[in-house]
Amino acid sequence: MQQEPNGTVEQDRTVDETLSGHIARNCLMTRARQISRVLTSVYDDALRPFGIVAPQFSLLVLIAEFGHISRTDLGRRNHHERSTLTRNLQPLIVRGWVAEGVPASDGRSRPLSLTREGKALLKSASSAWSAAQSHATRLLGEAGARELMNIARDLPLRVA
């Protein structure tokens, strides 16, 4: 850092460039988000003919897998913020693929479930998912895909 004549402190540019270069080359978050965008695009392209995008398809799968599940539990299991979950879930409800049940005894949580139409969509889009899965596996390599699944399996549930 250098003290300028006017009293301001300016960091040495080479330090900034070295720091930013180091972060740009080594940041796990940046790389994970880059991988996420590429993989999401692969699945979006495959699922688009069915009128659904990858995050919505994932919700359909999770709701099918966990049965009657509250929004809160679904968000915790999939690490969704409340607003993101609502944004992706609402079109599924509007299109009749997901139903919200009657409020539970607490009066607040309404269990989510797939409708007959949602189950049919899941079945008909499964071949597109399979093609996207193969494409994603080729992009990551077998070992990379396997390791990504292992990492995801070990993540803790979201607390809030």
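A residue is counted here as buried when its relative accessible area is under 20%. By this criterion, the buried residues of helix H2 in the present predicted model are Leu 39, Val 42, Tyr 43, Asp 44 and Leu 47. The cover over these H2 residues includes H3, H6 and helix H7 (142-153). The end C-alpha atoms of H2 lie 28 Å apart, which agrees with the 28 Å that its 20 residues should span at 1.5 Å a residue.

Of the 160 residues in the chain, 24% are buried. The chain exposes about 11100 Å², and carbon and sulfur atoms supply 55% of this area. Among contacts between residues at least 6 apart in sequence, 53% join residues at least 24 apart.

Helix H3 spans residues 54-66 and thus has 13 residues. The distance from its first C-alpha to its last is 18 Å, close to the 18 Å expected at 1.5 Å a residue. Its buried residues are Ala 54, Gln 56, Phe 57, Leu 59, Leu 60, Leu 62 and Ile 63. An α-helix has 3.6 residues a turn, so residues three or four places apart point the same way. The buried residues of H3 are covered by elements that include the helices H2 (28-47), H4 (71-78), H5 (82-94) and H6 (116-140), together with the strands S3 (98-100) and S4 (112-114). Just after H3, Gly 67 adopts a positive phi of about 70°.

The axes of H2 and H3 are 8 Å apart and meet at an angle of about 80°. Because angles of 65 to 115 degrees count as roughly perpendicular, the two helices H2 and H3 are assigned to that class. On the H2 side, the contact is made by Thr 40, Tyr 43, Asp 44 and Leu 47, and on the H3 side by Ala 54, Pro 55 and Phe 57. Five of the residues in this contact are nonpolar, one is polar and one is charged. Tyr 43, Asp 44 and Leu 47 are also listed among the buried residues of H2.

H3 packs against H5 at an angle of about 75°, with the axes 9 Å apart. H3 is therefore roughly perpendicular to H5. In this contact, Pro 55, Gln 56, Leu 59, Leu 60 and Ile 63 of H3 meet Leu 85, Asn 88, Leu 89, Pro 91 and Leu 92 of H5. The residues involved divide into eight nonpolar, two polar and no charged.

Gln 56 belongs to helix H3. With a relative accessible area of 11%, Gln 56 is buried, because the limit for this class is set at under 20%. When residues up to four places away in sequence are not counted, Gln 56 touches Asn 88, Pro 91 and Leu 92. Asn 88, Pro 91 and Leu 92 are likewise among the H5 residues that meet H3.

Arg 48 is placed in the loop between H2 and H3. Its relative accessibility is 49%, and Arg 48 therefore counts as partly exposed. Although Arg 48 and Ala 128 are 80 residues apart in sequence, their C-alpha atoms are 9.3 Å apart in space.

How values were computed
Residues numbered from 1 in each chain as written. Predicted model: local features only at pLDDT ≥ 70, side-chain atom pairs only at ≥ 80, totals over all residues. Heavy atoms only, no water. Helix = DSSP H or I, 4+ residues; strand = E, 2+ residues; numbered from the N terminus. Expected span 1.5 Å × (residues − 1). Buried < 20%, exposed > 50% of the residue type's maximum accessible area, 1.4 Å probe, protein only. Contact = heavy atoms within 4.5 Å. Areas by Shrake-Rupley, 256 points an atom, 1.4 Å probe, with all protein chains shown as cover. Axes fitted to C-alpha atoms, helices over the stretch in contact; angles between N-to-C directions. Parallel < 35°, antiparallel > 145°, perpendicular 65-115°, else oblique. Nonpolar A, V, L, I, M, F, W, Y, C, P; charged D, E, K, R; others polar.
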